[in-house]
Amino acid sequence: MIYLDNAATTRTAPEVVEAMLPYFTEYYGNAGSIYGLAGESRKALLRARETIAGTLGAEANEIYFTAGGSESDNWALKAVFEAWQDKGRHIITSRIEHHAVLHTCEYLEKMGARVTYLDVDSEGLVDPGQLERAIRPDTILISVMTANNEVGTIQPVKEIGEIAAAHGILFHTDAVQAYGHLPMAVQEYHIDLLSASAHKFNGPKGTGFLYVGKKAGIRSFIHGGQQERGRRAGTENVPGIVGMAAAARRAHEHMEERAQKERMLRDYLIGRIEAEIPDVALNGHRARRLPNNVNFSFAGMEGETMLIMLDMAQICASAGSACTSGAVDPSHVLLAMGLSKERARGSLRLTLSEENTREELDTVVEELARIVERVRGMMVR
Ligand SMILES: *Cc1c(COP(=O)(O)O)cnc(C)c1O
């Protein structure tokens, strides 16, 4: 099997599983209890919080553990709106956010929020000038993702953070695709809230965190016990959190080396597809791009068809369209970048990991070339 869907999820690293295991079988105490066993859980949570904070240049008490990226995004937007709606009800975001942000914004609009959805250019970039012009006296929050999950485009996060700070507006970034893959620094980038998810950097699924800087004054999200300083109730997922911290440590230890390797593989794959398959177009920015993201549109092709045919060749990939209730909806990201529906429907996303080899990529290109030739050959001209 060749796995090229690392933007959807990653393999849990063996050393991460190793780090988690004792917290199922030996140190299973509830971190909120008094006895010694519980102390082990408490210590593990403290260490994990410090590890994560250290990777961001944050303080341990600015890290809140959640059940993943979607929860972190929901929490950030809903709680900021709740806390600051007396000051204003205007939120600025972009058209290419993950649905965890976009659908939350739509929900908040029903609750009285006013949302500006910024356009992006043909490579998926938000224009900081346009963003600044969208700011109004009642703007309370800017939420722009660090890097896009479909096309890999990396936003000018530092510039956006500086604009937000200059206007005294909170800045949230969905860093689910970036954290563990790109260096992130909350102080330097003026980030007030940051979402991340462990399973996107070789950690376990169902675990994530939300960084909340002191200035943001966050509200409770899950009401109940006093866990997470009373902001997010529920017995802590100690094994998951320990696994996330182990994955964060691992990801940051060799980040540049790994990114370098992935960039080489990425550019090799892009180069071969462009050279050997006619009528293809790269989606996303060529340089400002996640080290592991490849996304192409193939003229005359349907993404879903390519996925099924690749699956028959034991290759896991993803398409820029989703089959919802029988109809194929082209990706909102590709449409926002100005692509035609046809080009959006013919898109294919291949997201690598450091574990992939050139030989695997050679196989992928050969299979793809065969698939494209076969399908195009069947079309009536
Ligand atoms: C995967 C992803 C999410 C959702 O994270 P989960 O942990 O799966 O809930 C949010 N935003 C982006 C950019 C993602 O890639």
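Author: Rings of Phe, Tyr and Trp (its six-membered ring) pair if their centres lie within 6.5 Å; planes under 30 degrees apart count as stacked, over 60 as edge-to-face and the rest as tilted. A search of the whole structure gives six aromatic pairs. In one of them, the ring centres of Tyr23 and Tyr27 are 5.4 Å apart with the planes at 50°, so this pair is tilted.

Reader: What are the conventions behind these values?

Author: The model is predicted, so local features need pLDDT of at least 70 and side-chain atom pairs count only at pLDDT 80 or more, while totals for chains, interfaces and linings use all residues. Residues are numbered from 1 along each chain as its sequence is written, and side-chain values use heavy atoms, with hydrogens and water left out.

Reader: Are Tyr23 and Tyr27 buried or partly exposed?

Author: Buried means under 20% relative accessible area, exposed over 50%, and partly exposed in between (1.4 Å probe, protein chains only). Tyr23 has 11% and counts as buried; Tyr27 has 27% and counts as partly exposed.

Reader: Which class does the pair of Trp75 and Phe221 belong to?

Author: Their centres are 5.9 Å apart and their planes at 15°, so the pair is stacked. Helices (H or I, at least four residues) and strands (E, at least two) are DSSP runs, numbered from the N terminus. Trp75 lies in helix 4 (residues 69-84) and Phe221 in the loop between strand 8 (208-212) and helix 8 (238-253), so the pair ties together parts 146 residues apart in sequence. Trp75 is buried at 0%, whereas Phe221, at 24%, is partly exposed. Ring pairs also link Tyr64 with Trp75 and Phe221 into a cluster.

Reader: Which residues are closest to the ligand?

Author: A residue is near a molecule if one of its heavy atoms lies within 4 Å of it. Here 13 residues surround the ligand, and the closest are Ser70, Asp174, Gln177, Ser197 and Lys200. Helix 4 gives the most to this shell, with three residues.
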